[in-house]
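We will stop at some helix pairs and then step into the core.

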Amino acid sequence: MSLPHVAIVGATGAVGIEMLLCLEQRNFPIGKLTLLASARSAGKRLVFKGEEIEVKELTHDSFAGIDIALFSAGGGISLEYGPSAAKAGAIVIDNSSAFRMDPDVPLVVPEINPAAAKNPPKGIIANPNCTTIISLMALAPLHEKFGLESIIASSYQAVSGSGAQGIIELEEQVKAIANGLEVTTKVYPRQIAFNVIPQVDVFTDNGYTKEEMKMQNEGRKILGFPELKVSCTCVRVPVYRSHSVSITAKFSRPVDPESARAAYAGKPGVQVVDNPAEKLFPVPLDTTGKDDCLVGRIRKNLVLDNALDLWVVGDQVRKGAALNAVQIAEIL
């Protein structure tokens with residue numbers, strides 16, 4: 001496909017703007033760029049490569065002549081307009097959860113299963129959940145060498161994962177506390193400033209949240225490993241951007257920290273930052289605005305055989321959403 005016509009659906013949102021930035025920074029070959037959003041955002045102008053582009057209102061007729069449509073406007077919009085885009089001939093790369101578990105829709109992390117993006121049956125490719133992507137960037141190289149069996153994980157998820165309103169709520173609560181004013185909550189069930197909340201997404205019948213179950217369900221699909229066992233606790237923390245995940249991974253073959261670090265050599269998109277003696281370990285600020293995920297605190301688990309504990313951090317707006325979608329488009 002030479003010089004494709006690319007559309008971004010949800011162009012004025014945080015991930016849409018990051019998609020625009022990724023396309024520009026990676027010099028993605030674009031013949032024409034169309035920016036689409038809701039009626040209330042139509043008419044806004046965004047800059048791409050020094051040129052202002054007017055945002056148009058999203059309709060079912062918006063996709064004529066479009067080759068690649070990057071969707072980041074929520075599951076409801078994807079379900080309504082994604083099939084229209086595919087029917088018009090576009091390949092849809094969808095950032096919502098709408099199509100992830102559809103057996104006819106590939107779920108792709110380009111560094112892990114790029115071949116799955118080729119010839120999608122419905123013309124739709126799904127972008128995985130941000131926490132799943134960041135975790136698997138650290139786990140896939142180890143799975144390849146040592147045979148992953150199970151994962152026990154706890155995530156520490158930034159407020160930008162809730163969109164702009166999550167950031168605003170944290171900022172407003174910090175200001176209120178600093179000035180001795182009453183704290184109000186809208187986005188989160190409890191105060192997020194100077195606190196952590198062990199709930200991301202809604203609870204399901206088994207006591208886990210939807211976000212927690214995504215790690216198992218999506219991880220199985222991406223790795224092609226339906227027997228993978230996962231237990232996960234997702235926690236919202238008062239950090240603006242970049243998610244962190246603490247992982248205990250059990251393997252079928254013997255593993256040690258030195259061999260694990262060596263397994264990352266030459267693997268794109270992930271770097272080892274692991275020298276506790278020098279206070280070198282990943283933190284959210286290290287990855288904010290960056291492409292790569294960082295992994296550290298690699299050590300032998302003291303309870304389970306053939307198991308490691310590790311800590312991985314990644315920018316959930318970038319690699320966990322926008323960048324991953326653009327990388328899928330690059331495969332096409």
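Select helix H3 (residues 130-146) and helix H8 (residues 318-331): their axes come within 8 Å and cross at roughly 90°. H3 is therefore roughly perpendicular to H8 (the label covers 65 to 115 degrees). Axes here are lines fitted to C-alpha atoms over the stretch in contact, with angles from 0 to 180 degrees between N-to-C directions, and helices are DSSP runs (H or I, at least four residues) numbered from the N terminus. This is a predicted model, in which local features need pLDDT of at least 70, side-chain atom pairs count only at pLDDT 80 or more, and totals for chains, interfaces and linings use all residues. Residues are numbered from 1 along each chain as its sequence is written, and side-chain values use heavy atoms, without hydrogens and water.

Now show the side chains at this crossing: Cys130, Ile133 and Met137 of H3 meet Lys319, Gly320 and Asn324 of H8 (contact means heavy atoms within 4.5 Å).

On the H1 side, pick Val15, Met19 and Leu23, among others; on H8, the partners include Ala321, Ala322 and Val326.

Next, which residues have the most contacts inside the largest nonpolar core? They are Phe63, Leu142 and Ile247, in a core of 55 residues (buried Ala, Val, Leu, Ile, Met, Phe, Trp, Tyr and Cys joined through side-chain atoms within 4.5 Å; buried means under 20% relative accessible area with a 1.4 Å probe, protein chains only). H3 gives the largest share, nine residues.

Terms used
Helix = DSSP H or I, 4+ residues; strand = E, 2+ residues; numbered from the N terminus. Parallel < 35°, antiparallel > 145°, perpendicular 65-115°, else oblique. Buried < 20%, exposed > 50% of the residue type's maximum accessible area, 1.4 Å probe, protein only.
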